[in-house]
Amino acid sequence: MASLNDFDTVELLDEESALRIIDQTKLPGKLEVLELRTAKEIWDAIYKLKVRGAPAIGVTAAMGIYILMKPYAGADAEEFRAQFDRTAAYLNSSRPTAVNLSWALARMERVLAGCEGAAQTAEGADVPKGMSSREKLEHLRAQAQAIRDEDVEVCRRIGENGLTLLKPGDGILTHCNAGQLATIRYGTATAPIYLGQERGYHFRVFCDETRPLLQGARLTAFELTQAGVDCTLECDNMCASLMKSGQVQAVLVGCDRVAANGDAANKIGTSVVATVAARYKIPFYVCAPTSTIDITVPDGDGIVIEQRSPEEVTSMWYESPMAPTGVKVYNPAFDVTDHELITGIITEYGVLHEPYDRAIADLFGRL
């Protein structure tokens, strides 16, 4: 029987001109992989959360636009550019909050611009001008692969930095899924947990179920259990009781976008966990690749919050609707945790502390 470790969350099948993803809407009941070939299939996979988690979405977008440009390998420069712009805009519309989506597409666009002689690549390396569309396509492929490989290394480094803040035997609370399934490997908030598991730290992990889509129950608890981690599932409204009991020594969460002042958007309910953690003086850490830090947004008020379908609350998980017909539903996908509630932001370059506006500016000044 196939296990989670047999697959990457997102994989490029170049010869088949397809992406292979784990369909996360089927977990934990069924481990099913999908092959995506069309723009609509890729858009739907992102929007419908078949692939989810900011880093995994970024990799999907980068590899996806490469796949979708392959039929234009013989096109002239004008047609190739026009199709690229249309495809990037379409993919970018699938989810507004996760900055890695637009970040990855912007990196791919900069590579194309470099191939056209209009700019350098994202890494600052010059590329020859006057390339054919086929040659441009090869540079797009290389960039998509680089984004994928960087994600693995970034998550490992976040794990190493996060591990310095924890002690063997600690109880760790996490919300939603910022694990292997949200990235290519290791995860962000789970990276210190996986490294600790390898090194005998014997962490006890508590997973919020994360309503309304239950990513903590369906995904985090599933992947940690498969990895042999001591894992306990709890309903979201039990976090205060659990923290008060003294069983939690740290909270680790991921994020979809961090503003320039350190405000962090993550799955709905994260700000509740942060508020309760502050009440019980438990450190609350946001695990954030620098790709999720958006210095163009001054604070959390500038982060667009996606509103999801009412059916996710009223009927999605039930044989018959569990709410009155026609009742109004408030269903934001994310909330913003104020930077004052965040003990530290764990990045691949180290741990940032208050004042976050200065720490983030200093970090980006060095990059």
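Where is the place of Met322? Met322 sits in the loop between helix 10 (311-314) and strand 12. Helices here are DSSP runs of H or I with at least four residues, strands are runs of E with at least two, and both are numbered from the N terminus. The model is predicted: local features need pLDDT of at least 70, side-chain atom pairs count only at pLDDT 80 or more, and totals for chains, interfaces and linings use all residues. Residues are numbered from 1 along each chain as its sequence is written, and side-chain values use heavy atoms, leaving out hydrogens and water.

Met322 is exposed, at a relative accessible area of 59%. The cut-offs are these: buried is under 20% relative accessible area, exposed is over 50%, and partly exposed is in between (1.4 Å probe, protein chains only). Met322 belongs to a nonpolar surface patch with Met316, Trp317 and Tyr318. Together they have about 420 Å² of accessible area. Areas come from the Shrake-Rupley method with a 1.4 Å probe, and for residues only the protein chains shown count as cover. Patch members have over 30% relative accessible area and no salt bridge; nonpolar side chains (Val, Leu, Ile, Met, Phe, Trp, Tyr) are joined within 5 Å, like charges within 9 Å.

Asp338 lies in the loop between strand 12 (334-337) and strand 13 (344-347). Its relative accessible area is 41%, so Asp338 is partly exposed.

The peptide bond from Glu354 to Pro355 is cis, with omega near -5°. Pro355 is in the loop between strand 14 (350-352) and helix 11 (356-366). Another cis peptide bond joins Arg211 and Pro212, with omega about 0°. Pro212 falls in the loop between strand 5 (204-208) and helix 7 (215-226). Most peptide bonds are trans, and most residues other than glycine have a negative phi.

Leu214 is in the loop between strand 5 and helix 7. Its phi is near 60°, a positive value in a residue other than glycine. Leu214 counts as buried because its relative accessibility is 16%. Ser17 has a positive phi too, about 50°, although it is not a glycine. Ser17 lies in the loop between strand 1 (10-13) and strand 2 (18-22). At 28% relative accessibility, Ser17 counts as partly exposed.

Now helix 7 itself. Its twelve residues should span 16 Å at 1.5 Å a residue, and its end C-alpha atoms are 15 Å apart, which agrees. The expected span is 1.5 Å times one less than the number of residues. Helix 7 is mostly covered, with nine of its twelve residues buried. Among them are Gln215, Leu219 and Phe222. Arg218 lies in helix 7 and is buried, at a relative accessible area of 12%. Arg218 and Ile345 are 127 residues apart in sequence and 26 Å apart in space, C-alpha to C-alpha.

Helix 2 (residues 54-69) is also mostly covered: 16 of its 16 residues are buried. Its 16 residues should span 22 Å at 1.5 Å a residue; the end C-alpha atoms are 23 Å apart, which agrees.

Next come the charge pairs. Side chains of opposite charge can pair when their charged atoms come close. A salt bridge is a side-chain nitrogen of Lys or Arg within 4 Å of a carboxyl oxygen of Asp or Glu. By this rule the count is 24 salt bridges. Glu11 and Arg20 meet in one of them, at 2.6 Å from N to O. Glu11 is partly exposed at 26% relative accessibility, and Arg20 is partly exposed at 23%.

Arg81 pairs with Glu109, the closest N and O atoms being 3.0 Å apart. This pair links distant parts of the chain: Arg81 is in helix 3 (residues 77-92) and Glu109 in helix 4 (residues 99-115), 28 residues apart. Arg81 is buried, at 17%, whereas Glu109 is partly exposed, at 27%.

Glu150 and Arg107 meet in a salt bridge at 2.8 Å, N to O. This pair also links distant parts of the chain, with Glu150 in helix 5 (residues 133-163) and Arg107 in helix 4, 43 residues apart. Glu150 is partly exposed at 30%; Arg107 is buried at 6%. Finally, salt bridges that share partners join Asp8, Arg148, Asp149 and Arg185 into one network.
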